[in-house]
Number of protein chains: 2
Amino acid sequence: MECAVVGGGAWGSALAHLLASGAHGVRLWAREPDVVEHVNTAHANPRFLPGVSLHPGIRATGSMEEALHAAALVLYVAPSHVIREVVRAGAVFVRNDAVAVVATKGLEQGTLAVMTDVVRAELPARAVVALSGPSFALEVAQGMPTAVVAASESHDAAAVVQQALSSAVFRVYSNDDVMGVELGGALKNVMAVATGMAEGVGLGLNSRAALITRGLAEMTRLGVSLGARGETFAGLAGMGDLVLTCTGALSRNRHVGVEVGRGRPLDQVLAGMESVAEGVTTTRGAHALAERQGIEMPIVNAVRRILFEGHRPSTAIADLMGRELRSERDT
Amino acid sequence: MECAVVGGGAWGSALAHLLASGAHGVRLWAREPDVVEHVNTAHANPRFLPGVSLHPGIRATGSMEEALHAAALVLYVAPSHVIREVVRAGAVFVRNDAVAVVATKGLEQGTLAVMTDVVRAELPARAVVALSGPSFALEVAQGMPTAVVAASESHDAAAVVQQALSSAVFRVYSNDDVMGVELGGALKNVMAVATGMAEGVGLGLNSRAALITRGLAEMTRLGVSLGARGETFAGLAGMGDLVLTCTGALSRNRHVGVEVGRGRPLDQVLAGMESVAEGVTTTRGAHALAERQGIEMPIVNAVRRILFEGHRPSTAIADLMGRELRSERDT
C-alpha cells in the first residue's frame, strides 16, 4: 500500500520505518530540509531519532504533493499547534479514498478540539483514525514489541490501519471510543509534566505512584464527562500510555516538569529543546475543558498554576499531594 | 498509644520508625537476634534496611510477650508463609481490645486465604485492618511523602490506624473493601515477577507498559469475582502499588523475574536472597484462585509455567504479549 507520513520527528520517522519494513511504499514529508536530506542519503534522522538506522525504502520529501498524491494511507504526526495548517497545506493532494491516521496527541488551542476533529474539518469526507498507546518511538524503530490502539468510528478504516501497521512486534488493536483514546494520549502529557515536577522538587517513587493513580482518575472523570468510556482509560491508550510516559525514559514532558520543579523558568527550559513538549500546551486546553465541563482536575490545575502563574512548585505539589489525596478517604 | 510491630524486616522497621516518630511507644518483635541487637544498640537494621537511622525510641525484642502485652495496636509484618504461626505464637499476649493491622501482602498456601482472614482466625474477636498501597519501606523511613490505604469492615478500627500512622508525609486513607485492597497488594507481586521476566528476556518499556495494563485488568477480574470492587483496583492499593512495584527501584519480586528471565534456575535465584519474594508463592495461590473462580489470568499462568514448569521465559513471555493482547481488540 502507498503510504504518506506527514511529519519528520521521532514518531513520524519510527512509523515510516515500520511501514517500510512491512513492504509498503512510504513517502515521509518533513518541514526541515536537513531531515529530508539525511533520510534520503543516510537513511537516518539524527536530529530527532539519533542512533537509529531507518529503512532505505523511505523516500523523504519537502513537497506535500509528492508525499501525498499516491497515498491510500496518510499518517499525520505533526505537533498539535501546527497540525491544522499542515493538514490544510496538503489537503488538495490527498486522495478522496485515503484513510487519515492521526498520531499527534494534544488539544487544539482555542477550539479545544481533539486532533481527529481538526483533521476531519480540514479533510472532509475521509475516514479518520486516531493512533495512540504506549509507544516510545525509539523502541518501535528498534523493533521492540509494542501494542497500540487504532480508534475510529469507522470499523473498516480502523481495520485498514491494523492491517497496514501490524507486525510480529507491533500490534494494533481497534477501539471505537475515539474521544477516550485521544484524551488518554493528550492528557497523559500533562501528568508527565506533573510527575517531572514532583521529581524536580525532590519527591520519591511512592509519591510518583500516588500521583499517577490520581492522575488517571481525573483524566477518566474528564473523559467520561465528554462521552468517552471509562474502560478506555484503563486500557493501553489510557493507563498504558500514562505509565510509560510517567515512568519510562525521561520524556520531553517530564523533562520540562523536572526542570521547572527545580526552579528554572519555563521559557528558559523550552528554549533549550529541539522537540515540542505537548504537555505544556495541553495543560491550558485540559484546564479550559475541565472548567467548561465543571470537572475538578486538581493535578492539571496545579501544573497550570506552576507553569503559567508563577506558583512555587514545592508548595503547589506538596499541597496537591495533601489536598487531592484526602478525597480518596471517601471511597 | 502503645504499639507492637511483629516482624523486623524492611517494612516492619519502617513502620516502627513511623510510629515512634509519631510519639507512640513501639516494641518491635524480630525473629533474628542480630536485628534485635542492632535496633536496640545502633538504632539501625543493616540486614534488612541498610543505610537508614531508626528512631531511638523503638524497643526491639525477641519475646512475644514483651512485644505484645501492652499494645493497643499490633502490626503484623511477617512474610506470608509464616504469618499464621507468628500470630498464633503471640496470640495469648494480645490485649482483648487491641486492633490488629496486617501489612503482609500475600495469599496463604493451601487455604488461599488473604492475610486478614488468617490473622482473624488466629486472633478471634479483635478488629483487623489491612494496610496496603504504594510504599517502598526505604522512602517511608526517609520521610518521603507516601499515601496508603487502611481497609477494614470496622470503620472505627480503620480510624484508629489512620490516627496512629498519619503524619504530614504519611497519609492513610480508609476503605471498606478489604478483599480488594488485599488482593491488589498480593497480586501485584506476581505482576512484578512478570515485569522482571519481560525485562530479563530483553523486552523494553513499551512492552512493560502493555504488560502492566493487562496485569491490572486480570487482577481486577479475579478481585471482582471474589466480591471486591473494581474501583479499588484503580486506586492506591491496586494501580498505585502495581505501578510502584513494576517500575520503581528493583524490587525482590522483579529481581527474581529478571534473573529467571535471563535463564537462571529459580532455586538458585531464591537461594541468594535475604528477604522473601512474595510473588513466587503468590503465583501458585493466584493461579489456584483463578481456577476455582473460573477466571482467565494469562499473565499469572505464564509466570507459573516459567517458574514451576520449566517453560522457556522468552517463548512464554513473547507468546503472552501476542495472545493476551489480542483480546483487547474486542473492547
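Buried area is the accessible area (1.4 Å probe) that two parts lose on being put together, summed over both. All views show a predicted model.

**View 1. Domain 1 against domain 2 in chain A.** Chain A is split into domain 1 (2-176) and domain 2 (179-321). Their C-alpha centres are 25 Å apart. Domain 1 of chain A brings 27 residues to the contact, and domain 2 of chain A brings 29 residues. Together the two domains bury about 2,200 Å². Carbon and sulfur atoms account for 67% of that area. On the domain 1 side, A:Leu107, A:Leu112 and A:Phe136 lose the most area to domain 2 of chain A. These three residues together make up 27% of what that side buries.

**View 2. The interface of chain B with chain A.** Here 45 residues of chain B meet 45 residues of chain A. The buried area is about 3,500 Å², with 59% from carbon and sulfur atoms. B:Tyr173, B:Asn206 and B:Met239 stand out on the chain B side: they supply 18% of the area that chain B buries against chain A, more than any other three residues.

**View 3. Helices α8 and α9 of chain B.** Helix α8(B) covers residues 178-200, and helix α9(B) covers residues 205-225. Their axes lie 10 Å apart, at an angle of about 150°. Angles over 145 degrees count as roughly antiparallel, so α8(B) and α9(B) are roughly antiparallel to each other. The crossing of α8(B) past α9(B) is right-handed. From α8(B), the contact uses B:Leu183, B:Gly184, B:Leu187, B:Lys188, B:Met191, B:Ala194, B:Thr195 and B:Ala198. From α9(B), the contact uses B:Arg208, B:Leu211, B:Ile212, B:Gly215, B:Glu218, B:Met219, B:Leu222 and B:Gly223. By class, the contact of α8(B) with α9(B) holds nine nonpolar, four polar and three charged residues.

**View 4. Helices α8 and α15 of chain A.** Helix α8(A) spans residues 178-200, and helix α15(A) spans residues 298-308. They pack at about 65°, with axes 10 Å apart. The angle makes α8(A) roughly perpendicular to α15(A). Their crossing is left-handed. A:Val190, A:Met191, A:Val193, A:Ala194 and A:Met197 form the α8(A) side. Facing them in α15(A) are A:Ile299, A:Val300, A:Val303, A:Ile306 and A:Leu307. The contact of α8(A) with α15(A) has ten nonpolar residues, with no polar and no charged ones.

Conventions. Residues are numbered from 1 along each chain as its sequence is written. Chains are lettered from A and ligands numbered from 1 in the order in which they are written. This is a predicted model: local features need pLDDT of at least 70, side-chain atom pairs count only at pLDDT 80 or more; totals for chains, interfaces and linings use all residues. Side-chain values use heavy atoms; hydrogens and water are left out. Axes are lines fitted to C-alpha atoms, for helices over the stretch in contact, and angles run from 0 to 180 degrees between N-to-C directions. Helices (H or I, at least four residues) and strands (E, at least two) are DSSP runs, numbered from the N terminus. Angles under 35 degrees count as roughly parallel, over 145 as roughly antiparallel, 65 to 115 as roughly perpendicular and the rest as oblique. A crossing is left-handed if the near helix is turned anticlockwise from the far one by less than a right angle, and right-handed if clockwise. Contact means heavy atoms within 4.5 Å. Ala, Val, Leu, Ile, Met, Phe, Trp, Tyr, Cys and Pro count as nonpolar, Asp, Glu, Lys and Arg as charged, and the others, Gly among them, as polar. Domain bounds come from an automatic or database domain assignment.
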